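Hi,

Here is the structure I promised to pass on. Have a look at it first, and then read on for what turned up.

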Amino acid sequence: MLYKEARELAKSGEKPLDIARSLGIKVLFAPFRKIKGLAMSLGDKKIIIIDNGLLEAEQQFVCGHELGHFLLHPSTNFVFVLHNTFSYSKQEYQANRFSCELILGEKAENYKCMITEMAASGKLDQLSRFVSEISSMDEEIP
């Protein structure tokens, strides 16, 4: 299962920024204009850089997305450009799904169809709002 590791990491109860740090990944913030985040490896060091102008929920989602790249596509560096759907790739979709699964944990199974649709949209504001609302809900089944 491609997203099993995301659900395993979610069991810690930590948010993506804390999970990244606990995995030894350096997380930095910078004022980007068009990109939302990037994941890069410099030798054995892994770095995630996130747009510091994003809302906290968006930063968490972007961090989860970049963690997904490190765990699903470890041999490539990535730039996260969610609003540019023209060049949207399968790897970006997978990183979006990973972030949804990481933030929602076991709740993700109940929203599988919606997560698939939202991850394919590639729109950060919609994705982060969706997972934030679902993760804060108390009920088990929609």
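Please keep in mind that this is a predicted model.

Let me start with the aromatic residues. The chain has 1 aromatic pair. The ring centres of Tyr111 and Phe130 lie 6.5 Å apart with the planes at 85°, and since an angle over 60 degrees counts as edge-to-face, that is how this pair is classed. The two partners come from distant parts of the chain, 19 residues apart: Tyr111 sits in the loop between α4 (90-104) and α5 (112-121), while Phe130 belongs to helix α6 (residues 124-136). Tyr111 and Phe130 are both buried.

Now for the overall layout. You will find 6 helices and 4 strands in the chain, and from the N terminus they follow the order α-α-β-β-β-α-β-α-α-α. Of the 142 residues, 46% are buried. If you take the contacts between residues at least 6 apart in sequence, 59% of them connect residues at least 24 apart.

Next, the packing of two helices. Helix α3 (residues 56-72) packs against α4 at an angle of about 120°, and the axes are 7 Å apart. The crossing of α3 and α4 is right-handed. On the α3 side, the residues in contact include Phe61, Gly64, Leu67, Gly68 and Leu71, and on the α4 side they include Ala95, Phe98, Ser99, Leu102 and Ile103. By type, the residues of this α3 and α4 contact come to 9 nonpolar, 9 polar and 1 charged.

Is Gln60 buried or exposed? Its relative accessible area is 8%, which is under the 20% limit, so Gln60 counts as buried. Beyond its neighbours within four places in sequence, Gln60 touches Lys15, Pro16, Leu17, Ser99 and Ile103.

The largest nonpolar core has 33 residues, and Ile48, Ile50, Leu67 and Phe98 have the most contacts inside it. At least two residues of this core come from each of α1 (4-10), α2 (16-22), β3 (45-51), α3, α4, α5 and α6. Which element gives the most to this core? That is α3, with 6 residues. To see what surrounds Ile48, leave aside its neighbours within four places in sequence: among its contacts are Ala20, Ile25, Val27, Leu28, Leu38, Cys63, Leu67 and Phe70, and also Lys26 and Glu66. There is a second, separate core of 5 residues as well, and Ala30, Ile35, Leu38 and Ile49 are among them.

Finally, two residues towards the end of the chain. Gly122 is in the loop between α5 and α6. With a relative accessibility of 0%, Gly122 is buried. In sequence Gly122 and Glu92 are 30 residues apart, and their C-alpha atoms are 7.9 Å apart in space. Glu133, in helix α6, is partly exposed, because its relative accessible area of 47% falls between the 20% and 50% limits.

Best wishes

How values were computed: Residues numbered from 1 in each chain as written. Predicted model: local features only at pLDDT ≥ 70, side-chain atom pairs only at ≥ 80, totals over all residues. Heavy atoms only, no water. Phe/Tyr/Trp six-rings, centres within 6.5 Å; stacked < 30°, edge-to-face > 60°. Buried < 20%, exposed > 50% of the residue type's maximum accessible area, 1.4 Å probe, protein only. Axes fitted to C-alpha atoms, helices over the stretch in contact; angles between N-to-C directions. Left-handed = near helix turned anticlockwise from the far one by under 90°. Contact = heavy atoms within 4.5 Å. Nonpolar A, V, L, I, M, F, W, Y, C, P; charged D, E, K, R; others polar. Core = buried A, V, L, I, M, F, W, Y, C linked by side-chain atoms within 4.5 Å.
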